[in-house]
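Dear colleague,

I am passing on the structure below, together with notes on what was found in it. Please read the notes with the coordinates open beside them.

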Amino acid sequence: MFRRSGWKWRWHHPDLAFMDFSGHFGGPFSVLPWGVSTSRMQANFAAQVLRATLFAARAHAGQVRKGAAAEPYVNHVIEVAAILAEHGAPEEAILAGLLHDTVEDTETTDADLVAVFGPVIAGLVAEATDDKEKPKEIRKALQISQAPKHSEAAKQLKLADKIANLRSIADSPPANWNHARRIEYVGWAGRVAAGLKGVNPGLDALFDTTYRAALARLASEMP
């Protein structure tokens, strides 16, 4: 579990000016004020991305994806963040993309994320986190019904997650998933995505392309 160490670093959100949080990676981290050069602001965001990537790598250490390729789990969250970055998603969505499975799948708590990354990032991760105390079918139904109610940043994050998962289901599915279960997942992902679209046209188009490609791949593998 990640714990705060007492020193302060500063994170900037375009709507919330300066916010101070405690963290535990490296030394003090300060976001640059308005009016600084674009290159310095880009360097600052790059540092935040590296911090979030390191946090995710440590949180998911030893975990692997369920697919035949058995990739390190952290590859998935990096892919989600890359999809978001490539399609112009807001910075907070990209950072949350790196962290989106930490609370659901590791010992990390919401309080840990608040301490290290602040309430905005922690809140986006919370929007992407299923309550595993609920039965699986209830969780899946809630993803569909709650999709339209999410914040715009969370909608983009969840759509990128579905894109990455569809790729995995098509190319490297879990060994114990038969053809019917893969088809069911693709259909369910489409129903969730219907409530997430309308924020980022590029992501919407990528989901549609990925969805069609997954269906085509599964059709070609019909037993």
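The face of helix α1 that is turned away from its buried side carries the exposed residues Ser39, Gln42 and Leu50, where exposed means over 50% relative accessible area, buried means under 20%, and partly exposed lies in between (1.4 Å probe, protein chains only). Helices here are DSSP runs of H or I with at least four residues, numbered from the N terminus. On the buried side of α1 are Asn44, Phe45, Gln48, Arg51, Ala52, Phe55, Ala56 and Ala59. They cover an arc of only 135° around the axis, which puts them on the same side of α1; the arc is taken from the directions that run from the helix axis to the C-beta atoms. The helix comprises 22 residues (38-59) and should span 32 Å at 1.5 Å a residue, which agrees with the 31 Å between its end C-alpha atoms; the expected span is 1.5 Å times one less than the number of residues.

Before going further, please note that this is a predicted model, in which local features need pLDDT of at least 70 and side-chain atom pairs count only at pLDDT 80 or more, while totals for chains, interfaces and linings use all residues. Residues are numbered from 1 along each chain as its sequence is written, and side-chain values use heavy atoms, with hydrogens and water left out. The mean pLDDT (the predictor's confidence in each residue, from 0 to 100) is 86 for the protein, and 83% of its residues reach 70 or more. Over residues 1-34, however, pLDDT stays under 50, and for this stretch the model has 99 contacts beyond four places in sequence, a contact being heavy atoms within 4.5 Å.

Leaving aside neighbours within four places in sequence, Tyr185 is in contact with Lys162, Asn165, Leu166, Ile169 and Trp177.

Turning to charged pairs, the count comes to eight salt bridges, each defined as a side-chain nitrogen of Lys or Arg within 4 Å of a carboxyl oxygen of Asp or Glu. One of them joins Asp105 and Lys132 (2.9 Å, N to O), and this pair links helix α4 (residues 102-105) to the loop between α6 (119-127) and α7 (136-146), with the partners 27 residues apart. Asp105 is partly exposed at 23% relative accessible area, and Lys132 is partly exposed at 48%.

Another salt bridge joins Asp171 and Arg217 (2.8 Å, N to O), linking helix α8 (residues 152-171) to helix α10 (residues 201-220) across 46 residues. Asp171 counts as exposed at 54% relative accessibility, whereas Arg217 is partly exposed at 32%. Glu221 and Arg182 also meet in a salt bridge (2.9 Å, N to O); Glu221 lies in the segment after α10, and Arg182 lies in helix α9 (residues 179-194), 39 residues apart. Glu221 is partly exposed at 29%, while Arg182 is buried at 8%. Salt bridges with shared partners join Asp171, Arg182, Arg217 and Glu221 into one network.

Terms used
Helix = DSSP H or I, 4+ residues; strand = E, 2+ residues; numbered from the N terminus.
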